[in-house]
Every structure is written in structure tokens, then in C-alpha cells.
Amino acid sequence: MCPEYSLEGRRVDYALCHPPGKPIAFVEVKQIGQSEGTERQLFEYAFHIGVPLAILTDGQEWNFFLPGEQGDYGERRVYKLDIVERDISECMARLIRYLKYDAIVSGAAIDAEREDYRNVSRDRLMKSTLPKALTRLLEEEDELLLELVADRVESLCGYKPDPDTVARFLKENVVFKSTPTTILKQSSRSPTAKSVAASDSARISSTHKFPSIGFVIEGRQYTTRSAREVLEGVFEALHERDATILERFAALPQHGRTRRYLAKNPNDLYPGRPDLVRDHSMQLTSGWWLSTNHSRATIKRIIEMACDVAHLKYGKDLQVSVGE
């Protein structure tokens, strides 16, 4: 241990050296309560000659840094130990892990700090990403999230809200930016979704406004009463256009995270949830079963998936409006 280690006219309070005269770690000592904000000077000392370990302490608080890692001074701090506030066993374990003579000499202390630094960096990254992850779940109206909230509401009051009610509540009560719903402008009156498979007479008319709920496929326009009927009508229309489309859609390796959107057997739509199979599935005229427990945003994503399978351009060859 070299006190008052000289470094080009400057002095570091202590240098831990091995072999003698070759610093492995710098220790800067301040008076109690005056160590805050002095990391920069310590880092400059350590960077200058490539010392891998830097320690800043006022006797009570010990800060262990890896100057060569990425980030600002605070992000390169591996551990902050307050020997008054922390349990004695914790203080002993940390001081031995980072400052034991044999560990410093062999490099084990540096390896231990680097391991701890990776853990700290990983935890910091996860915490900083949590708000983004939550925002994504809310913006995309994640099915599993909506279902979990709806199930909890049902367990508390006996009534289960639909996905759109849950999605609307989350949007109104959690701060995040969402993409406005695009509403189609062109419209004319046409048969309901129930008659899509049999009807081919409806055409776009530029003299009428497009209804708030409905869809247009390759110039044919249909008015529906709900977003669910939009989903049903689109799949009926796509099947009328191409008899293989439903089988090819069902063969997609992934639909939702925990469920299928289309299946031959309705029990495959909601694995392990017979209540949803009973209340939120419907059979198309082709015999295939379609899941319907979706928010409007999810319905649009399902239709976009169907467009990819059908080799149609979503928003051009097939346009949908699922309402507000």
C-alpha cells in the first residue's frame, strides 16, 4: 500500500500495488460527507495509467468503481457500501470480496467487480426498459394483458368487461402516446357481414361517406354493426376469394401469444379456457372456428395477418374501419 501516491505532480491518497510500485487500485479518501462529486478526479487518475479499480470513501461510505467500463461515473459504480447503515455481515462480505489482499493480487477482486458490474448493468437496463415495455403492451393492446385485467375484474365484481372496455380504461389511466385510429373516408351502403359470402353486388361509391364500421376489399364495400362483424366478414370474403386462405392462415406458426385466431376445433382457440371457447368463438360458413374475444386494435392486426397470407396490401387492397 502506497500512501500519497505521486502521479505527475498530483497525488492519490492510496495506491494498492502489485508488484511494488505498480498500482492495481486507487483509493481516494475524503472527510465524512464530502465524497459526493469527487469521482471525476479519481477517474482521471485511474484512466491516466490504466488502473482497473477505483475506490472513493469518506470512511463511512465506500464506492467501488470500474473506470474502464462504459457510462457516466454513476453507471460505472459497481457498489455503494455504507458501513453504518448496512448489516455487519454484508459489510464484511463486500470489503473482503473487493479488498482482500490475496484477491487484489491475484486479480480475483477485479473479476468479482466486473461480474457485479455486469449484473448492475443488466438490472439498470431492465429497469430502464420497463416503461417502454409497458407502453408497448398498452399501445398494442396486448391480448394477454387485457385478458388478465378482465379476469381480475370478473373475480372482484362478477362481471367481465370486454377487451375494448379494458383497453379504453388503460389508455385513459396510463400515460403513453398512442397512434390515432385511421377511419376510412369513402363509403356506400352494402349488405351486412352475414351476407358477405353470398353477396358481390356492393361497390364503392365516392358520393357517400364510408360508415364508421365496415371494410372494403378490392373495391367491394361492406357495412357491419361491430368490429367483431368486421373480422367475421373479412374472413368470409377472403374465403370466397380463395378457398385455401383459411387453411393457410391457420397453419401460421404463431397467432397470438397464448391462443389461436382460427382453428378447425374451437377448443384450440383458447387452450385451457373453455369459458372463452363458449362465449367468444364463432363458426364461419366454411366450418372453421374464429376467436372473437379481441380488442379493436387486435382485430386490425389479425386482418393485417390475413392480408399477408392472401397476398393483399393492407390499407390498399383491403381497408377496414372498426369504429372508436
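Because the model is predicted, local features need pLDDT of at least 70 and side-chain atom pairs count only at pLDDT 80 or more, while totals for chains, interfaces and linings use all residues. Residues are numbered from 1 along each chain as its sequence is written, and side-chain values use heavy atoms, with hydrogens and water left out.

**The whole protein**

Begin with everything shown: the protein has ten helices and 14 strands, which are DSSP runs numbered from the N terminus (helices H or I with at least four residues, strands E with at least two). Of its 324 residues, 42% are buried, where buried means under 20% relative accessible area, exposed over 50% and partly exposed in between, with a 1.4 Å probe and protein chains only.

Next, select residues 61-65, strand E5, where five of the five residues are buried, so the strand is largely enclosed by the rest of the structure. Glu61, Asn63 and Phe65 point one way from E5, and Trp62 and Phe64 point the other way. In a regular strand the side chains alternate between the two faces of the sheet.

Ile55 stands opposite Phe64 in E5, and in the hairpin of E4 and E5, with three residues between the strands, Gly59 takes a positive phi near 95°.

Move on to an open sheet of three strands in the order E11-E13-E12, with antiparallel pairing. Its edge strands are E11 (262-263) and E12 (281-283), each pairing on one side only. Strand E13, residues 289-291, pairs with E12 over three bridges, and Ser281 stands opposite Ser291. Helix H7, residues 227-241, packs on this sheet and touches E11, E12 and E13.

**Arg259**

Finally, select Arg259, in the loop between helix H8 (245-250) and E11. Is this residue buried or exposed? Arg259 is buried, with a relative accessible area of 8%. Leaving aside neighbours within four places in sequence, its contacts (heavy atoms within 4.5 Å) include Glu143, Glu147, Tyr270 and His294.

Conventions
Two strands pair if DSSP finds at least two bridges between them. Axes are lines fitted to C-alpha atoms, for helices over the stretch in contact, and angles run from 0 to 180 degrees between N-to-C directions.
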